[in-house]
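Me: I am new to this structure and would like to learn how to read it, one feature at a time. Could we begin with the rings and then go on to the sheets and the core?

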Amino acid sequence: MSPGIRVLSVDDDPQLRELTATVLERRNDQIDVTTAANGRDALAVFDGASDGTDRPIDCVVSDYELPGMDGLELFAAIRERDPAVPFVLFTGTAPDEIASEAISAGVTDYLRKGSGTAQYTVLANRIENAVAKRRAERARRESERQLERYQALVENDRILELVPTALFTLDADAVINWCNDEFADPFVEGRTELIGTPFPDLIDRGYYDGQVTTKYVEEVRDLLSSTADRERAKYQVRFQSPDGEERIHDVHTRLLPLENGEFTGTVHAIRDVTRRRRYRRELERQNERLSEFASLVSHDLRNPLNVAQGHLDFIAEGADDRHVEKLQRSLARIEELIDGLLQLARQGKAIGDEERFSLADTAQAAWATVDTGDARLEIETDPMLYGDETRVRSLLENLFRNAVEHGSTSPDSRPRQDAVEHGGDDADRLTVTVGPLEREPQSAGSGDRPDGFYVEDTGPGLPADRESLFEFGHTTAAEGTGFGLAIVEGIAEAHGWTVAACDGDDGGARFEFRDITVPTGGTTSARST
């Protein structure tokens, strides 16, 4: 059913006003006539309708001769308020007196009153045509605005149909006015059925729970707030698929361009993260089981290991030193493997409380707990780091142990040559250095942000196969476990750092740690890898 037509009829003759209203409404039951006796009253009616206190005026029909202001003056006043509303001059004045002026002024139509009612039929037709033309023009302009609005966001509808992301838009009344096939795919309804559907209907049909509406309103209100400093909202919703499976959706929401400062709707991008969440939970459960398994194996192995070590110490006196030494090395090797297994199992866990600590102090503590033989440690930097000091100490212990295991016989490097030339006693001693990486100029207010640090040794250097250095079980030492560098990488990544292996200045191995950030006033927290 087409919308009704509200006509404002202006005439100073009360009988003609009543006749006009009666005949027009009888000719077309869609026409509803409101009357006024003069221009001032007509403008009051028109303004009230324009302000939204009453139904808008679709067409004005006015006599020319009116008290206070004539019909053309009323026309000018109406045009200032609404440049497009149809205005028909319906008058008994002779055409030669005002017709030319009326046409020049731009009235929609000019019609002379007659003695009978035939002219009212013509008038009704003119009104219907003028209103239909205006409504068609208005619809065309609105369609063009909508097209421009969505083209600005969508750019190319065909491209969006190929995007593997669910996309849809809601108008100001929360009605779906566009969606792609990816969005429509999990619904029973097809895409054409979904377009034009109020989103609350999807809640009533069981696809979403009522909390979606609350969340949407909260986020849109915040995006519209003048104090908001963000352009999009991100939140999660639960979706119940027709097959009964519950899915978790990440929803990204942005406002459609405002029109004259008014809210016009929202555009949404949806990503199904159900599988990712399930995978993360399963991975967490696997890590827990791995840690429990490693702890159990460690406990069960340490008991017979301690018994064997105790009996070995008891029988050591009087026994063949060669056999005792081999047994002691074997038992020590088993203990190293147990320790490595525990560290590897725990490296993927969340790091503990983070705090500021001294790299130099932590390096010295790590050096003291590693069997370094006659190797020596040099520390050339003492920056403050931010993280789990216990885990960083474990990182350094593994690097120091790796350097000693692979560098017990130092190459003919420059430090060794220099020591020989100057008669030094440290020519064959392995040296491990902890030093700073080159600093870049820091911006004001960026806080304490060291570029990083390195650990370098004077050993034989890195193997040819460097891509496998950080892989689990990879080792080039006869007595190595292959756990050390894998643990180092895991601890670095848990802190958000990057680690790279390269050649040292003197031919040894060098490990560089970057992307290290130290907050100015860091507080303790826990981070998950």
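**Rings, sheets and a core**

Reply: F168 is buried, and F183 is buried as well, where buried means under 20% relative accessible area, exposed means over 50%, and partly exposed lies in between, with a 1.4 Å probe and protein chains only. This is a predicted model, in which local features need pLDDT of at least 70 and side-chain atom pairs count only at pLDDT 80 or more, while totals for chains, interfaces and linings use all residues. Residues are numbered from 1 along each chain as its sequence is written, and side-chain values use heavy atoms, with hydrogens and water left out.

Me: How many aromatic pairs does the structure hold, and how is such a pair described?

Reply: A pair of rings is described by how far apart the centres are and by the angle of the planes. Rings of Phe, Tyr and Trp (its six-membered ring) pair if their centres lie within 6.5 Å, and planes under 30 degrees apart count as stacked, over 60 as edge-to-face and the rest as tilted. By this rule the structure holds 13 aromatic pairs. One of them is F168 with F183, which is stacked, at 4.4 Å centre to centre and 25 degrees between the planes. Because F168 lies in strand β6 and F183 in helix α7 (residues 181–184), the pair ties together parts that are 15 residues apart in sequence; helices (H or I, at least four residues) and strands (E, at least two) are DSSP runs numbered from the N terminus. The rings of F199 and Y208, with centres 5.2 Å apart and planes at 35 degrees, are therefore a tilted pair.

Me: Are F199 and Y208 buried or exposed, and which residues form the aromatic cluster?

Reply: F199 counts as buried at 10% relative accessibility, and Y208 counts as buried at 6%. One aromatic cluster is formed by F168, F183, F187, F199, Y207, Y208 and F239.

Me: How should I read a sheet, and what is the order of the strands in the open sheet with antiparallel pairing?

Reply: Strands of a sheet pair through hydrogen bonds of the backbone, in a parallel or an antiparallel way. Two strands are taken to pair if DSSP finds at least two bridges between them. The antiparallel open sheet has five strands in the order β7-β6-β10-β9-β8. At its edges are β7 (176–179) and β8 (232–240), each of which pairs on one side only, and the twist from one strand to the next averages 25 degrees; axes are lines fitted to C-alpha atoms, for helices over the stretch in contact, and angles run from 0 to 180 degrees between N-to-C directions. Within this sheet, β9 (residues 246–255) and β10 (residues 265–272) run antiparallel and are joined by seven bridges, with R254 standing opposite V267 in β10. Helix α10 (residues 211–224) lies across β6, β8, β9 and β10, and runs at about 170 degrees to β8.

Me: Which strands stand at the edges of the sheet with mixed pairing?

Reply: That open sheet has five strands in the order β12-β14-β15-β17-β16. β12 (376–379) and β16 (498–503) stand at the edges with a single partner strand each, so one side of each has no neighbour in the sheet. Neighbouring strands here are turned by 15 degrees against each other on average, direction ignored. Five bridges join β14 (residues 431–436) to β15 (residues 453–457), and these two strands run antiparallel. Helix α14 (residues 389–406) packs on the sheet, touching β12, β14, β15 and β17 (509–514), and its direction makes about 25 degrees with that of β15.

Me: Which residues have the most contacts inside the largest nonpolar core?

Reply: A nonpolar core is a set of buried Ala, Val, Leu, Ile, Met, Phe, Trp, Tyr and Cys residues joined through side-chain atoms within 4.5 Å. The largest one has 36 residues, and L396, F400, F453 and F513 have the most contacts inside it. At least two residues each are supplied by α13, β13 (384–387), α14, β14, β15, α16 and β17, and α14 gives the largest share, seven residues. Leaving aside neighbours within four places in sequence, L396 is in contact (heavy atoms within 4.5 Å) with residues including L359, A363, F453 and V455.

Me: How many residues of helix α16 are buried?

Reply: Nine of the eleven residues of α16 (residues 484–494) are buried, so this helix is largely enclosed by the rest of the structure. After α16 comes G496, whose phi is positive, near 85 degrees.
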